[in-house]
Amino acid sequence: MEYRIEKDTMGEVKVPVDAYYGAQTQRSIDNFKIAQDINKMPKEIIKAFAYLKKAAALTNFDAGVLSKEKSDLIGKVCDEILADKLNDYFPLVVWQTGSGTQSNMNVNEVVAYRGHVLNGGQLSDKEKFLHPNDDVNKSQSSNDTFPTAMHIAAYKILIETTIPGIEKLRDTLAAKSKEFMRVVKIGRTHFMDATPLTVGQEFSGYVSQLNHGLKAIKNTLAHLSELALGGTAVGTGINTPAGYSENVAKHIATLTGLPFITAENKFEALAAHDAIVEAHGALKTVAVSLMKIANDIRMLSSGPRSGIGEIFIPDNEPGSSIMPGKVNPTQCEALTMIAAQVMGNDVAISVGGSMGHFELNVFKPVMIYNFLHSARLIGDGCVSFNDKCAIGLAPIEANIKKHVDNSLMLVTSLNTKIGYYKAAEIAQTAHKEGTTLKEMAVKLGYVTPEEFDAWVRPEDMVGKID
């Protein structure tokens with residue numbers, strides 16, 4: 001490989017001759033050979049940096065501390081980053097300095113060196129038209145840029161991927177709930193037979209879970225909208241021009257089309273990442289809900305002949321390499337694995353969030369890496385489960401009726417007629433002797449056949465149905 005020589009404050013470094021980055025990026029590549037093929041800094045963070053670097057350049061021009069020529073050039077390169085034209089020049093991994101300084105400098109170097117080339121220069125030039133620190137990083141510190149990128153990336157993925165995915169699944173389940181509202185089935189508690197409800201009522205619980213999860217996520221957006229930019233090194237705003245914090249947040253809001261504002265307290269914004277912890281807590285809540293929903297559906301669809309078999313789910317692919325004709329609830333399995341992963345990610349984020357020592361949290365990269373992973377998994381997972389499973393769900397009414405008719409828990413409707421103990425005797429004796437509830441109730445002399453038929457009606461045991 002051909003190299004060129006770049007310099008930083010520590011000396012000379014060999015850099016690939018055609019790379020739009022410099023010494024500090026190369027040092028990070030050399031010093032952190034940790035899962036370099038699988039744990040790159042997420043593209044969402046790189047694009048968030050492009051927004052904030054362009055906004056910073058515009059704000060610095062407004063403040064009279066950066067020329068229009070340099071501001072425009074920085075903005076032009078940031079637009080290329082947003083258009084995925086420079087992806088190859090962001091090779092750094094998550095496992096680096098906990099402030100994300102090296103990724104901030106990676107972006108600074110790419111913007112400076114690509115801008116220099118766009119301005120007619122050569123990468124081999126010792127002096128560049130744009131300087132990574134003095135121009136691209138002007139009025140900034142890694143300590144306020146990286147948390148700003150975290151919030152931009154987190155906010156964007158939640159509203160663009162996560163929330164729409166959950167809403168899509170929620171809407172399908174709501175439609176199924178309405179469609180199946182009068183299909184009476186047997187309830188189950190403790191994995192044992194319970195009193196009846198309807199399939200629609202059961203599904204309405206899933207809808208409510210997702211509604212509450214969506215509300216929890218949306219409630220975190222206000223905190224995520226607060227940006228650290230302007231706090232610089234420790235939150236005091238050293239080396240920023242007057243009005244910088246407010247103006248740069250306005251530019252970011254304009255560029256992204258999202259309601260970002262400057263954080264009221266920059267010390268909190270740099271030293272703590274409670275907004276990320278809070279928002280991921282909401283994602284974990286949704287993951288818990290999805291685990292329950294997917295597990296219910298795969299158990300209710302178990303069979304097809306030797307399981308519960310009350311719900312039909314679409315057959316998407318062969319389920320076994322040895323058992324011909326076997327089909328498995330693969331979408332349920334994928335969604336439950338996603339839920340497990342999100343719960344695991346929450347542990348890393350909780351630990352990371354607790355590491356805000358003094359004026360700086362230094363677990364930033366791992367926190368946002370896990371956050372973005374969870375947010376995308378939930379959004380994509382909900383869409384996949386919706387399109388390949390939920391849309392095709394249907395009750396298997398013959399099996400549902402068989403289970404209802406065979407359940408001993410219908411005897412609960414006799415409690416108010418003959419008392420709990422007599423009703424229990426009917427159920428226990430019927431189970432022991434293998435008879436129906438009606439046969440045993442009449443045999444024991446507690447009710448007449450006519451009374452049993454009038455009082456034990458599954459459709460009257462499901463409460464009010466709208």
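Which residues does Leu-335 touch, not counting residues up to four places away in sequence? Leu-335 touches Leu-290, Ala-294, Gly-381, Cys-382 and Phe-385, where contact means heavy atoms within 4.5 Å. The structure is a predicted model, in which local features need pLDDT of at least 70 and side-chain atom pairs count only at pLDDT 80 or more, while totals for chains, interfaces and linings use all residues. Residues are numbered from 1 along each chain as its sequence is written, and side-chain values use heavy atoms, with hydrogens and water left out.

Leu-335 lies in helix α11 (residues 330-353); helices (H or I, at least four residues) and strands (E, at least two) are DSSP runs, numbered from the N terminus. Leu-335 counts as buried, at 2% relative accessibility. Buried means under 20% relative accessible area, exposed over 50%, and partly exposed in between (1.4 Å probe, protein chains only). From C-alpha to C-alpha, Leu-335 and Ala-287 are 8.8 Å apart in space, although 48 residues apart in sequence.

Cys-382, one of the residues touched by Leu-335, is also buried, at 0% relative accessibility. The structure holds 0 disulfides, a disulfide being a pair of cysteine sulfur atoms within 2.5 Å. Cys-382 is in no disulfide, and the nearest cysteine sulfur, that of Cys-389, is 12 Å away. For Cys-389, the closest cysteine sulfur is in Cys-332, and this distance of 4.5 Å is too far for a bond. Cys-389 is buried, with a relative accessible area of 2%.

In soluble globular proteins, nonpolar side chains tend to be buried together. The largest nonpolar core in this model has 118 residues, and those with the most contacts inside it are Ile-45 and Phe-371. A nonpolar core is a set of buried Ala, Val, Leu, Ile, Met, Phe, Trp, Tyr and Cys residues joined through side-chain atoms within 4.5 Å. Helix α6 gives the most to this core, with 13 residues. Another core lies apart from it and has 5 residues, among them Ala-228, Ala-263, Leu-270 and Leu-360. Leaving out residues up to four places away in sequence, Ile-45 touches Phe-146, Ala-149, Met-150, Ala-153, Ile-368 and Leu-372.

Helix α6 spans residues 142-179 and includes Lys-156. Lys-156 is buried, with a relative accessible area of 16%. With residues up to four places away in sequence not counted, Lys-156 touches Tyr-51, Thr-161 and Leu-258.

Strands β3 (residues 184-189) and β4 (residues 192-198) run antiparallel and are joined by 5 bridges; two strands pair if DSSP finds at least two bridges between them. They form a hairpin with 2 residues between them, and His-190 in the turn has a positive phi of about 60°. Val-184 stands opposite Thr-198 in β4. Pro-196 is also in strand β4 and counts as buried, at 5% relative accessibility. Beyond its neighbours within four places in sequence, Pro-196 is in contact with Val-184, Lys-185, Ile-186, Gly-187, Leu-410, Pro-458, Met-461 and Val-462. Pro-196 and Pro-458 are 262 residues apart in sequence, yet 6.2 Å apart in space, C-alpha to C-alpha.

In helix α1 (residues 23-31), the buried residues include Ala-23, Thr-25, Gln-26, Ser-28 and Ile-29. Among the elements that cover the buried residues of α1 are β1 (3-8), β2 (11-16) and α4 (101-118).

Grid points are joined across faces, edges and corners, and a volume is the space filled by probe spheres set on the points. The largest pocket holds about 630 Å³ of space. It is lined by 28 residues, and Glu-6, Lys-7, Asp-8, Tyr-113 and His-131 are the closest to its centre. The elements giving two or more residues to this lining are β1, α1, α4 and α5 (132-136).

The structure also holds 2 cavities of 30 Å³ or more. The volume of the largest cavity is about 80 Å³. Of its 13 lining residues, His-151, Glu-226, Glu-268, Ala-269 and Ala-272 lie nearest its centre. Two or more residues of the lining of the largest cavity come from each of α6, β5 (226-227), α9 (266-271) and α10 (274-300).

Conventions: 1 Å grid on protein atoms, 1.4 Å probe; cavity = no way out; pocket = protein on both sides within 12 Å on 5 of 7 lines; lining within 4 Å.
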